[in-house]
Amino acid sequence: MRASGTANYEYVVARVRHRRGSLFTEEDYRKLLRMGPGEIARFMEDSEYEEAVNNLGARYEDVDLIEYALNENISKNFEDLLRWSNGRLYELVARYLRKFDAWNAKTVLRGVYTDATDEEIRSDLIVAGEFDEAFLDSLIASDSIETVVEQLLETDLELGLDRALDEYQETGLLVPLENAIDRAYYEALSADDLRGGQAVRLYDRFIQAEIDFRNVRNALRIHHSGADIDPGEYFIEGGSLFDESEIRSLIDNREQLVSRIRESRYGEKLEAALDELESAGNLIAFERALEGALVSYSDQLSHVYPLSVCPVLAYIIAKEREVHNIRAIARAHEAGLEREQIETELVNI
């Protein structure tokens with residue numbers, strides 16, 4: 001823990017730039033698309049993932065080996081970020097990495113809901129937030145959704161969980177619980193409780209963008225589902241682009257929605273991504289383009305403010321996308337999908 005002391009942006013950003021240079025390139029993804037799971041694991045062995053693949057190779061193989069190696073590597077990378085950081089930088093990075101507490105909480109809920117084995121649940125966990133392995137083991141050992149929620153009520157994700165549990169018990173659907181966890185995470189991300197300064201302002205600007213893009217994604221998912229759900233119930237406070245009433249009015253018209261983003265502070269640097277958003281023929285392509293746009297915006301902030309928290313947060317997002325892409329390719333090959341189908345699952349980084 002290095003929350004005290006002076007923030008060491010220059011040192012951490014230099015380390016992050018080096019790690020960013022190790023991320024897979026478009027050429028690497030083209031190679032992976034031609035490989036089966038065993039070949040992908042061997043390809044990873046010649047990369048940043050060498051240590052994780054070697055550590056796990058005796059116990060797992062093919063897609064299981066890839067999954068565990070990805071999770072071990074991403075956890076180590078983000079532990080390194082905290083280990084390198086001091087002062088205000090440490091506080092901001094640690095706060096952002098709580099997203100993996102939310103990820104793990106939702107993963108356990110889905111696992112318990114579907115009667116997955118402990119091992120199956122554990123394979124999807126990313127230990128990079130504040131939940132330690134003992135607490136995660138306790139969540140996994142739960143025999144019901146109610147028992148999982150009871151433990152989460154003792155964490156920073158407790159906001160709104162009581163009401164969401166009531167809705168789950170009425171409908172049998174996990175969506176209210178997953179949405180409550182996302183809202184609790186994002187609404188606790190704000191640095192309002194920290195003292196001002198450029199570091200906090202840049203952090204808030206970054207978080208606002210992520211919340212704006214998440215609100216767009218949630219609204220579109222609701223719209224495409226055809227379900228009789230008020231999009232306002234899934235609206236996350238803390239963004240700057242939309243308010244709750246505006247998102248309700250825009251979700252029925254993608255053209256107006258994209259125009260609204262073009263006119264915003266995101267528009268100038270996101271022209272190519274927005275063209276892709278506008279022309280995307282289905283929800284999956286739209287969501288992938290939206291995720292790519294967030295990566296582009298985070299990179300743009302990093303270039304404008306090179307010695308700040310922005311390059312560190314941009315690296316976290318880029319690393320997440322790399323793990324997402326490798327996992328998507330491996331799972332799709334295992335499922336026998338065609339290359340064109342696999343490519344729709346990838347996010348440009």
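1. A quick word on terms before we start: pLDDT is the predictor's confidence in each residue, from 0 to 100. You are looking at a predicted model, and its protein chain averages a pLDDT of 88. Of the residues, 95% score at least 70.

2. Helix α7 (residues 99–113) packs with helix α12 (residues 175–187) at an angle of about 170 degrees, and their axes lie 9 Å apart. Angles over 145 degrees count as roughly antiparallel, and α7 and α12 are therefore roughly antiparallel to each other.

3. Which residues make this contact? From α7 come K99, A102, A105, K106, L109 and R110; they meet L177, E178, I181, D182 and Y185 of α12. Sorted by class, the contact of α7 with α12 has six nonpolar and five charged residues, with no polar ones.

4. The volume of the largest cavity is about 40 Å³.

5. What lines the largest cavity? Its lining is made up of N215, N218, A219, I222, P231, Y234, F235 and I247. Helix α13 (residues 198–225) gives the largest share of this lining, four residues. By class, the lining has six nonpolar and two polar residues, and no charged ones.

Key: Residues numbered from 1 in each chain as written. Predicted model: local features only at pLDDT ≥ 70, side-chain atom pairs only at ≥ 80, totals over all residues. Heavy atoms only, no water. Axes fitted to C-alpha atoms, helices over the stretch in contact; angles between N-to-C directions. Helix = DSSP H or I, 4+ residues; strand = E, 2+ residues; numbered from the N terminus. Parallel < 35°, antiparallel > 145°, perpendicular 65-115°, else oblique. Contact = heavy atoms within 4.5 Å. Nonpolar A, V, L, I, M, F, W, Y, C, P; charged D, E, K, R; others polar. 1 Å grid on protein atoms, 1.4 Å probe; cavity = no way out; pocket = protein on both sides within 12 Å on 5 of 7 lines; lining within 4 Å. Points joined across faces, edges and corners; volume = space filled by probe spheres on them.
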